[in-house]
Amino acid sequence: MSAEVVLRTIALGKQYKSKRWAVQDVNLEIHRGDIFGFLGPNGAGKSTTIRMILSLIAPTAGSVELFGHQLSTEREAALAKVAGIVEKPDFYLYLSAFRNMQITGAMTLGKTPLRTMIMDSLQLVGLAGRAFDRVKTFSHGMKQRLGIAQALLCKPEVIVLDEPTSGLDPQGMKEVRELIARLSREHKMTVFLSSHLLNEVEQVATRMAIISKGKLVAQGSVEELLRSKISSVKILSEPVKRSTAILKKMKSVSNVVLNGDGISATIEKSDIPKVVKTLTAAECKIYSIVPQQSLEEYFLSVTEE
Amino acid sequence: MFNLIYYELFKTYAKWRTYIGFIAVGLIIPLIMWGMHLQAGHNFVQYQLRSLQSDFLITGNLFNGWSISQIIMNSLWVHVPFLISLVAGDQLAGEATAGTFRLILIRPVSRTRVLVSKYSATLLYTASLLMTIAVLSLGLGLMIFGSGDLLAVDRDMLTVLPEVHLWSRFLLAYSLAIWSMWVIASLAFLFSSFVENAIGPIISTMTVVIGLLIISNLPVESFEPVKPYLFTTYQDVWQQAFKEPVNWSRIAESCGVLGAYSAVFFSMTWYIFKRKDILS
Ligand SMILES: Nc1ncnc2c1ncn2[C@@H]1O[C@H](COP(=O)(O)OP(=O)(O)OP(=O)(O)O)[C@@H](O)[C@H]1O
Ligand SMILES: [Mg+2]
């Protein structure tokens, strides 16, 4: 708990030209060494938040702090040890991967990065063999990996990745996830990663926040959030129709849905014995009550309102 | 800073559109030379002399590389701004279109420094284009038509500038032309900061330049009061290099006004760019 906070947003908010808040009152705290998952459905405000963190757009309200430096007043110091990719990976298509790395690297280091540094980074994402090809000839997946390579080039302490696996095939996704885990483990990097994929965050993240319609709905360690009071369960009980009707009538049970493989419902853990008692009293036969502890269920329950 | 400028130049000269300008002047100038060569020049000089009533005695060949180069400077007046805006108008808008602002503006380099390096690259490109015109037109001109004195016509005054002074005259003329064209580059650069596509800045720059050139040069009474405030009124300052004697105070005044315009355009660009939300 005493870990250093490397990235903090304070009441961060953004209104685009329309007066609607695309992001509102977002307070994030990312500690050194975290793999922080920033989860939200399409249009939730993930990219908008990341653009503010990386100084591409100015916040309408609130502020961003990196390594204790205010982004608005000490931009260079704040961003010195930060790198990342925002939305889709774009490059100077008419230049080679190597040249692109030189250009972005020089902007962080103040001098042209060494050839070996660039080749090492490209090696890490498996692009060393294509270093001198124009980026124009790269597939989307290759650009995505080049994006990670250019972010890693200057050995940042915090790396901000906006949906780094979007558009990749399952194999590519797996590789990127493994790379992220490795960066954290071997290079002690702090990773801030946005995603709309629940299993992705579940697999790699240590801490997470959930954003929906521009507002944070939860923040904490992944375990903590999974151990949350709200729990989704799958109930196998017969007769199905009667069981469903009874569950629907109960105050402590919500989101009752009858699917092919049983009844899913949201029940607070402490209420489960009461539900069992009620169903048994009504002469329903309960075969199983299985908790659906996945992030997916949790995610849907907090974002669908 | 030099590193930033180096890479901005690198990006600029790695782009195909940058060479359109060089290719264009590389085609137009030899074409003009060829046309002149066919005419053997005599008609042209005679035309120039016809407007003079005096019985002037001319010795040596007045239709030479120097005069050709001067004619070319006079006739490239609308092409060159277009070629400049092609590159200058793309400097900021091009990065927006390509999405590469997301790559460079998240780096620990202030936007001011990024902008200064881009502006420097734009000015250097403009200078390199004009120097290419100078080298091509003087080089080819002197090769094909030989050297000699330069006949300078100024309203009803005719002066013969001796050959020995011409190198420094042309150096001055091209330096002034570069200074003058930097205003165009600055204007296109400014327009480039508004939008995410290079077509807009190119068209708006050309519209402004042509519109103002017309106002500056039309002998219309009602335009007179605004003329001193238009940069186009001062853009032909390079012609002062061929006046005898050289009117230095006139040159200083023109350069001052042109420089002020460039500075204002750049300051406006900076004000906009510093606050711009990068949404591409
Ligand atoms: N340039 C813009 N102008 C106006 N509104 C915008 C702009 N960009 C984004 N928005 C709005 O801001 C909200 C958040 O968008 P944002 O791109 O941050 O979402 P996201 O979480 O990154 O979504 P996705 O998963 O689709 O990438 C959306 O409602 C979107 O319509
Ligand atoms: Mg997004």
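Trainee: Which helix gives the largest share of the shell around ligand 1?
Mentor: Helix H1 (residues 46-53) of chain A, with three residues. Helices here are DSSP runs of H or I with at least four residues, strands are E runs of at least two, and both are numbered from the N terminus. This is a predicted model, where local features need pLDDT of at least 70 and side-chain atom pairs count only at pLDDT 80 or more, while totals for chains, interfaces and linings use all residues. Residues are numbered from 1 along each chain as its sequence is written, chains are lettered from A and ligands numbered from 1 in the order written, and side-chain values use heavy atoms, without hydrogens and water.

Trainee: Which residues come nearest to ligand 1?
Mentor: A:Gly43, A:Gly45, A:Lys46, A:Ser47 and A:Thr48, out of 14 around ligand 1. Around means a heavy atom within 4 Å.

Trainee: Why is the site called shared?
Mentor: Residues from chains A and B surround ligand 1, so the site is shared between chains.

Trainee: Which side chain has an N or O atom 3.0 Å from an oxygen atom of ligand 1?
Mentor: That of A:Glu163. A polar backbone atom of A:Lys46 lies 2.8 Å from a ligand 1 oxygen.

Trainee: New topic. What is the strand order in the open sheet of chain A?
Mentor: E6-E7-E8-E3-E9-E10, six strands with mixed pairing. Strands pair if DSSP finds at least two bridges between them.

Trainee: And which strands stand at the edges?
Mentor: E6 (82-85) and E10 (215-221) of chain A. Each has a single partner strand, so one side of each is left without a neighbour in the sheet.

Methods:
A polar contact is a pair of N or O atoms within 3.5 Å; within protein, one must be able to donate a hydrogen and the other to accept it, and residues adjacent in sequence count only if both atoms are side-chain atoms.
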